[in-house]
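Here's a friendly walk through one protein model, a few spots at a time. Keep the structure open while you read.

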Amino acid sequence: MKRDNFSGIPGAIFTPSKNVNTKSIIVYLHGGGYCFGSSLTTHKVGLTKLAKQTRLICYSVDYRLAPEHQYPAALEDVLTAWKHIAVSYTHLTLPTNREV
């Protein structure tokens with residue numbers, strides 16, 4: 001697991017230790033009703049297992065949480081992070097900016 005920053009949005013990257021499948025990725029948005037949770041506090045174990053079992057690199061986005069940050073802050077963060085991540089994977093068929 002590596003902490004990262006996706007165009008200013010914090011998050012983490014979980015990479016399998018072996019046999020990485022480079023044909024797809026997972027961009028994970030943690031649960032918590034946009035009010036609580038993060039890549040490292042509530043979802044670290046699950047994301048580590050997900051990356052290992054799928055052999056896919058998992059990007060987890062730590063979007064801003066309510067009530068400190070009202071709607072649509074979380075959605076704006078997710079879109080910003082998605083665009084940052086997608087640029088790195090031009091060899092994959094990912095939704096474009098217009099489709100997101």
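## A patch on the surface

Let's start with Tyr34, which sits in the loop between strand 3 (25–28) and helix 1 (44–54). Helices (H or I, at least four residues) and strands (E, at least two) are DSSP runs, numbered from the N terminus. This is a predicted model, where local features need pLDDT of at least 70, side-chain atom pairs count only at pLDDT 80 or more, and totals for chains, interfaces and linings use all residues. Residues are numbered from 1 along each chain as its sequence is written, and side-chain values use heavy atoms, with hydrogens and water left out.

Is Tyr34 buried or partly exposed? With a relative accessible area of 45%, Tyr34 is partly exposed; buried means under 20% relative accessible area, exposed over 50%, and partly exposed in between (1.4 Å probe, protein chains only). Together with Tyr71 and Leu75, Tyr34 forms a nonpolar surface patch of about 380 Å² of accessible area. Patches are made of residues with over 30% relative accessible area and no salt bridge: like charges are joined within 9 Å, nonpolar side chains (Val, Leu, Ile, Met, Phe, Trp, Tyr) within 5 Å. A salt bridge here is a side-chain nitrogen of Lys or Arg within 4 Å of a carboxyl oxygen of Asp or Glu, and the areas come from the Shrake-Rupley method with a 1.4 Å probe, with only the protein chains shown counting as cover for residues.

Helix 2 (residues 73–87) has 15 residues, so at 1.5 Å a residue it should span 21 Å; its end C-alpha atoms are 22 Å apart, which agrees. The expected span is 1.5 Å times one less than the number of residues.

Which residues of helix 2 are buried? They are Ala73, Ala74, Asp77, Val78, Ala81, Trp82, Ile85 and Ala86. An α-helix has 3.6 residues a turn, so residues three or four places apart point the same way. The buried residues of helix 2 pack against strand 1 (2–6), strand 2 (9–14), strand 3 and strand 4 (57–61), where contact means heavy atoms within 4.5 Å.

A cis peptide bond links Ala66 to Pro67, with omega about 5 degrees. Another cis bond runs from Tyr71 to Pro72, with omega near 10 degrees.

Ser7, in the loop between strand 1 and strand 2, isn't a glycine but has a positive phi near 55 degrees. Its relative accessibility is 46%, so Ser7 counts as partly exposed. Arg55, in the loop between helix 1 and strand 4, also has a positive phi, about 65 degrees, without being a glycine. Arg55 is partly exposed, at 38% relative accessible area.

## Back to the first loop

The loop between strand 3 and helix 1 also holds His43 and Ser38. His43 is buried, with a relative accessible area of 17%, and Ser38 counts as buried at 16%.

The Ser38 side chain has a polar contact with the side chain of Thr41, at 2.7 Å.

Leaving out residues up to four places away in sequence, His43 touches Tyr28, His30, Gly31 and Ser38. Under that rule, Ser38 touches His30, His43 and Asp62.

Definitions and conventions. A polar contact is a pair of N or O atoms within 3.5 Å; within protein, one must be able to donate a hydrogen and the other to accept it, and residues adjacent in sequence count only if both atoms are side-chain atoms.
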